[in-house]
Amino acid sequence: MNSDEFRKQAHLMVDWMADYLEHVEDYPVKSQVAPRTIYDQINSAIPKLGEDMEHIFNDFKEIIIPGITHWQNPNFFAYFQANTSPPSILAEMLTATLGVQGMKWETSPAATELEERMMEWLGDGIGIPKLWAGVIQDSASMATLSAILTARERLSKYQINEKGFEGYTKLRVYCSDQTHSSIEKGAKIAGVGKSNVIKIPTNDQLEMRSDLLRQQIESDIKQGYQPLCIVAALGTTGTMAMDPLEEIGMLAEKHNIWLHVDAAYAGAAFLLPEHQSLMKGIEKADSFVFNPHKWLFTNYDCTAFFVKDKKGLLNTFSILPEYLKTASDGLVNNYCDWGIPLGRRFRSLKLWFVMRHYGLEGLQKMLRLHIALAEWLEAELKKKPTFEMVVPRSMNLICFRYMPEGVEDQEQLNTINEQLLQSLNASGELYLTHTKIDGKYTLRMSIGQTNVTQTHLENAWKNIQELAHGIVINE
């Protein structure tokens, strides 16, 4: 493909991209295809001869698009958002064009130095202590694994990396019973073992009980276990509950346990001064993670991982074979030494574009709008006796269920709400997901899509009520 043909095809695709963003609401939010529909339309082998781009792009529109769940649709209220925005998309186009492999400073100085500055911008914005350092990871799961591995090496004085686990086979990781599954996965990969992830019960707000954490730590020490890491959640996956960071931090400090703070989704809201009080106690932590690719309008993948002491990361992950040695080693950050992968994408470019395009005040305005929309929906739900807020609203997450008159049996209520969720998602008008809280099947509505407005919320609430009232209740 020569430059003229590339330019022609690129213009056609950018036109399609602009049209898509303008009309994304015209698509069903959740893909309506049946399993294997896409697979069966794709040739079973690589084509022997090359095909023209018009044919390939047409198949993209005809085969791929029907199998896409449209995360950028403002009626997407499922999971947590994975938002993008025009400046982020433009930066990704440039990133793809440059094809940077930013493993070391030498391989692209701009990628390294822009990342360092962007992590400073984010850290200052959300209230990370000044002396901490940051690095961009691909996901919160990878950042949490990095934290557990670094905690493991600090505890063993880096002997597990050198000699294996001899003498360190009774390690413990603590988190609440609401914490993300990545904690267990990280413990498995790090060799700690799933059974050594101790889940601490929560209170009626689904926040970790620090008194029970203290009792568990003290009991484990008496039984010969070595407390390795505590994971405190600022915004759990199910309900966005906030663990008491300062109380947990005091326990971690007392027992010299690594404290990792998982704010994967809610961390973006700490750009708002009115929510930074939730960060009280962060100075007692050792690491912190949040995802700009969730609620900061920067498309996947882009995870901000901060550590109090970068030397721990370097001692855990750095390895320097002859072919990676450069003249600048020791003078600059080589981010391949700050985590697991050697290869690294140029992720900081889209962060730079987004933060410069919107500015701090613009980002804050959008975050406040989403929280205000959630407040509105919460008020509407409370007006209706046939709907229940299962837990209080946390920021922009609503957890509710339908409770038709005369139905009190919990299993029947669970069935009704599951049916409601399936009907909503099958309609193509909006997309929600669920969780279970004290055995109650609960619908989750995360209100944070980049272009969501009051009108979208009003339409969604109307659809929810209509489909709920249309459910046939079996006696």
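Trainee: Which residues does Asn83 touch, not counting residues up to four places away in sequence?
Mentor: In this predicted model, contact means heavy atoms within 4.5 Å. With residues up to four places away in sequence not counted, Asn83 touches Gln72, His293, Lys294, Trp295, Phe297, Thr298, Asn299, Gly448, Gln449 and Thr450.

Trainee: Is Asn83 buried or exposed?
Mentor: Buried means under 20% relative accessible area, while exposed means over 50%. Because the relative accessible area of Asn83 is 0%, Asn83 counts as buried.

Trainee: Which backbone oxygen does the side chain of Asn83 reach?
Mentor: Gly448 is among the residues that Asn83 touches. At 2.5 Å, the side chain of Asn83 reaches the backbone oxygen of Gly448.

Trainee: Turning to the whole protein chain, what is its radius of gyration, and why does that agree with a compact globule?
Mentor: The C-alpha atoms fill a box of roughly 65 × 60 × 45 Å along the principal axes. A compact globule of 475 residues would have a radius of gyration near 23 Å, so there is agreement with the value for the protein chain, 24 Å.

Trainee: What percentage of contacts between residues at least 6 apart in sequence join residues at least 24 apart?
Mentor: The protein chain holds 15 helices and eleven strands, and buried residues make up 51% of its 475 residues. Among its contacts between residues at least 6 apart in sequence, the share joining residues at least 24 apart is 74%.

Notes
Residues are numbered from 1 along each chain as its sequence is written. This is a predicted model: local features need pLDDT of at least 70, side-chain atom pairs count only at pLDDT 80 or more; totals for chains, interfaces and linings use all residues. Side-chain values use heavy atoms; hydrogens and water are left out. Helices (H or I, at least four residues) and strands (E, at least two) are DSSP runs, numbered from the N terminus. The radius of gyration is taken over C-alpha atoms; the globule rule is 2.2 Å times the number of residues to the power 0.38. Buried means under 20% relative accessible area, exposed over 50%, partly exposed in between (1.4 Å probe, protein chains only). A polar contact is a pair of N or O atoms within 3.5 Å; within protein, one must be able to donate a hydrogen and the other to accept it, and residues adjacent in sequence count only if both atoms are side-chain atoms.
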